[in-house]
Every structure is written in structure tokens, then in C-alpha cells.
Amino acid sequence: MQELSDKDKEILALAKTNLKTNQLVLRKWNKTKPKDLDQRFTNAHEKEFAKRDCLSCANCCKTTSPIFRQPDIRRMAKALRIKENQLVAQYLKLDEDDDYVLKTSPCFNLLPDNTCAVYEDRPLACREYPHTDRKNMYQIMDLTAQNTLICPAVASIVEKIVNS
């Protein structure tokens, strides 16, 4: 698996340093719900991903787990040609919120070139990650703050928005 670039390591280190400040700003936005918040995130998201290739990083797949809903489990088991209960027993566990998550990291579907073995059948949470181009961003400010520690793109997006 490819290592994080030095630049991405620096971005994540800065995000860790700025976490408390960013959390305060994001929580404020959660309460005040600025009308232009979705547009600000969407614009920053589009600019960031116009120049970023997720395959050069894949830190999300290496370090965290998506939530696997039943449709995700069904679709992935079919793609892997195994039974759903076999997928659950071999790779998943219930977390403290009673959601299915990966037993271990990195994701068992992550290939050496940072691609996904089941990309077309990946969980919804993977499809939507990093959640910075959605509607009602104010609803996920805590998640967004945590994602700055995982995804250099989210860290850059939040940094740009918070400091603008």
C-alpha cells in the first residue's frame, strides 16, 4: 500500500494542532446554520478534489471503518461471492452503537495500489465519503471535525473555510 505523502502528513498534523479551534467554529455553525454553509463546503470540495487524487492517499480505507448497513452487506457479499453471514463473521463486528464496522484496518478490500476490490459494490458510507459536498452540512459538523484527522482533503477544506 502506498504511504501518505509528506504534504498530506503535514496537512493532517496541522489539522490535529487546529482540531479544538476547528471544532469550536464547526459547532458554532451547527447551532447558527449559516445559509451559505452548504455552498461554501461544496465550492471548497470541488476546488480540492479538482487537484486531489484519493488513490494517492486512501487513508480513510487504511485507518477507519464505514458503517455497513444491511443493503451494503448484501451487495458486498454478492460481489465477493460469499454468504452474508460469512462476510459478517469474517470481517465485521458490532460497535458500541450497534452498527456493523470492520474488525480490523486497513479495509480487507483495499488493494496494494489503493484501489477497492469491490468499488462498484462498496458501502454507502464509502460512496459518500468524505461528506463535504452534501446538503445540510451543519448536521455533521462533529463528524467533519473528526474527518479532518483522517482525510487530508477534509482537513484542507475545513482549513480554507474556517480561515476565510
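I began at Tyr91, which counts as partly exposed at 24% relative accessibility. For my own reference, buried is under 20% relative accessible area, exposed is over 50% and partly exposed is in between, with a 1.4 Å probe and protein chains only.

A note on what I'm looking at: this is a predicted model, where local features need pLDDT of at least 70 and side-chain atom pairs count only at pLDDT 80 or more, while totals for chains, interfaces and linings use all residues. Residues are numbered from 1 along each chain as its sequence is written, and side-chain values use heavy atoms, with hydrogens and water left out.

**The ring pair**

I looked for aromatic pairs and found 1 in the structure. Its rings belong to Tyr91 and Phe108, with centres 3.6 Å apart and planes at 10°, so I put the pair down as stacked. The rule is that rings of Phe, Tyr and Trp (its six-membered ring) pair if their centres lie within 6.5 Å; planes under 30 degrees apart are stacked, over 60 edge-to-face, and the rest tilted. Tyr91 sits in helix α6 (residues 84-91) and Phe108 in the loop between β2 (100-102) and α7 (124-128), so the pair ties together parts 17 residues apart in sequence. Phe108 is partly exposed too, at 27% relative accessible area.

A cis peptide bond joins Ser105 to Pro106, with omega about 0°. Asn114 has its place in that loop as well. Its phi is near 70°, a positive value in a residue other than glycine. Asn114 is buried, with a relative accessible area of 4%.

Arg81 has a positive phi too, about 60°, and is not a glycine. I found Arg81 in the loop between α5 (70-80) and α6. Arg81 is exposed, at 76%.

There is also a cis peptide bond between Tyr129 and Pro130, with omega about 15°. Pro130 lies in the loop between α7 and α8.

What does His45 touch, leaving out residues up to four places away in sequence? I noted Pro130, Thr132, Asp133 and Ile157 (contact means heavy atoms within 4.5 Å). His45 itself lies in helix α3 (residues 37-51), and His45 counts as buried at 11% relative accessibility.

Among the buried ones are Ile157, Val158 and Ile161. The cover over them includes α1 (6-17), α2 (19-32), α3 and α8 (141-147).

**The whole chain**

I counted 9 helices and 2 strands; helices are DSSP runs of H or I, at least four residues, and strands are runs of E, at least two, numbered from the N terminus. From the N terminus the order is α-α-α-α-α-α-β-β-α-α-α. The radius of gyration is 17 Å, close to the 15 Å from the globule rule for 164 residues, so the chain is as compact as a globular protein of that length. That radius is taken over C-alpha atoms, and the rule is 2.2 Å times the number of residues to the power 0.38.

The C-alpha trace spans about 50 × 35 × 25 Å along its principal axes. I also wrote down that 38% of the 164 residues count as buried. Of the contacts with a separation of 6 or more, 70% come from residues 24 or more positions apart.
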